[in-house]
Amino acid sequence: MKSMTGYGRGTCSEGGVELTAEVKSVNNRFLDLSVKSPRIFLSQEERVRSVVRRHITRGHVDVFISYADKREREKTYSVDTSVALAYHTAARQLREALPDVADDVALSFYLRLPDVVRAEETGEADETLVAALEKALEAALCSLTRMREKEGARLKADLLARMETIERLTGCIAARAPLVAAQYREKLTERIHEYLAGKADETRILTEAAVFADKCSIDEELTRLKAHIKAFREIAQLDEVGRKLDFLVQEFNRECNTICSKSNDGEVTALALEMKNEIEKVREQIQNLE
């Protein structure tokens, strides 16, 4: 069992290349993958997606790639004149504000300023960059998986504890249910005897009580709840459980709602409402599972 939320970081420094991959994942119904990388890796995006899909099947995943190429290679530079002009305008305003300060600004001053001169990325990533990309990405995804598994273990413990509560409430309702029909029969007998001054037909009373008991019987719902609890515990031992448990929780809700609608007893209704509260908490937690 794994959570859909996590973060992983991986690095690779080989052959003069330093590459970092970061992977962040959050909840999502399906696998929604976003890759943000320098343009030189544009042709490798499908490779990145393929590697991620081997590790993750569900969730919104952001992949961030950055690198530094320190190899001796021919480089092309470009000048961002808009940035240089903005610096120049700021310098002129400063000169007007401080007329007594000597003006010793040279062209080399602008060349040293951030973002004025940029190294151009040319071509596609070579074998060294691609190899570093794969190694860093695998390391980041393994780190992410460890975090997701750790969080998944915590969620699993919480969910199984809530199953214990739901099982206990199911047992309490099962113990209470037979008493409801008996109490109804007693009340019905008492009222009819009062109305007919003790001349009530005992057979008819028993028939009415039997009809009530059959109409309000929740035996099937309780049986299905017990089966759902057993299935939940079995599914919780698997790796990818989110969609299966999401469907199963809908079945829990259906049985609990039916018990509430059939109940003619305040105590049973209170127990069923308490169960609905636990089921809702389970449903919320399942949204975090892969």
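A salt bridge here is a side-chain nitrogen of Lys or Arg within 4 Å of a carboxyl oxygen of Asp or Glu. By that rule, the structure holds 22 salt bridges. Before the details, two notes on the source. This is a predicted model, where local features need pLDDT of at least 70 and side-chain atom pairs count only at pLDDT 80 or more, while totals for chains, interfaces and linings use all residues. Residues are numbered from 1 along each chain as its sequence is written, and side-chain values use heavy atoms, with hydrogens and water left out.

Two more terms. Helices (H or I, at least four residues) and strands (E, at least two) are DSSP runs, numbered from the N terminus. Buried means under 20% relative accessible area, exposed means over 50%, and partly exposed is in between (1.4 Å probe, protein chains only).

Side chains of opposite charge can pair when their charged atoms come close. Take glutamate 138 and arginine 54. They form a salt bridge, with the closest N and O atoms 2.9 Å apart. The pair links distant parts of the chain: glutamate 138 is in helix α4 (residues 127-196) and arginine 54 is in helix α1, 84 residues apart. Glutamate 138 is partly exposed at 24% relative accessibility. Arginine 54 is exposed, at 56%.

Next, arginine 233. Its side chain meets that of glutamate 164 in a salt bridge, at 3.4 Å from N to O. Glutamate 164 is partly exposed at 47%, and glutamate 167 is partly exposed at 36%. One network as well: salt bridges that share partners join Asp158, Arg162, Glu278 and Lys281.

On to the rings. A pair of aromatic rings is described by the distance of the centres and the angle of the planes. Rings of Phe, Tyr and Trp (its six-membered ring) pair if their centres lie within 6.5 Å; planes under 30 degrees apart count as stacked, over 60 as edge-to-face and the rest as tilted. How many aromatic pairs does the structure hold? Two.

Phenylalanine 41 lies in the loop between β3 (31-36) and α1 (45-55), and tyrosine 67 lies in strand β4 (residues 59-69), so the pair ties together parts 26 residues apart in sequence. Phenylalanine 41 is buried, at 2% relative accessibility. Tyrosine 67 is partly exposed, at 24%.

The other pair is phenylalanine 232 and phenylalanine 252. Their centres are 6.4 Å apart and their planes are at 80°, so this pair is edge-to-face. Phenylalanine 232 is in helix α6 (residues 219-235) and phenylalanine 252 is in helix α7 (residues 242-262), 20 residues apart. Both are buried.

Back to α1. Which of its residues are buried? Val48, Val51 and Val52. Seen down the helix axis, they fall within an arc of 100°, so they line one face of α1. The arc is that of the directions from the helix axis to the C-beta atoms.

Last, lysine 2. It lies in the segment before β1 (6-14). Buried or exposed? Lysine 2 is buried, at 12% relative accessibility. Not counting residues up to four places away in sequence, its contacts (heavy atoms within 4.5 Å) include Thr145, Arg148, Asp239 and Glu290.
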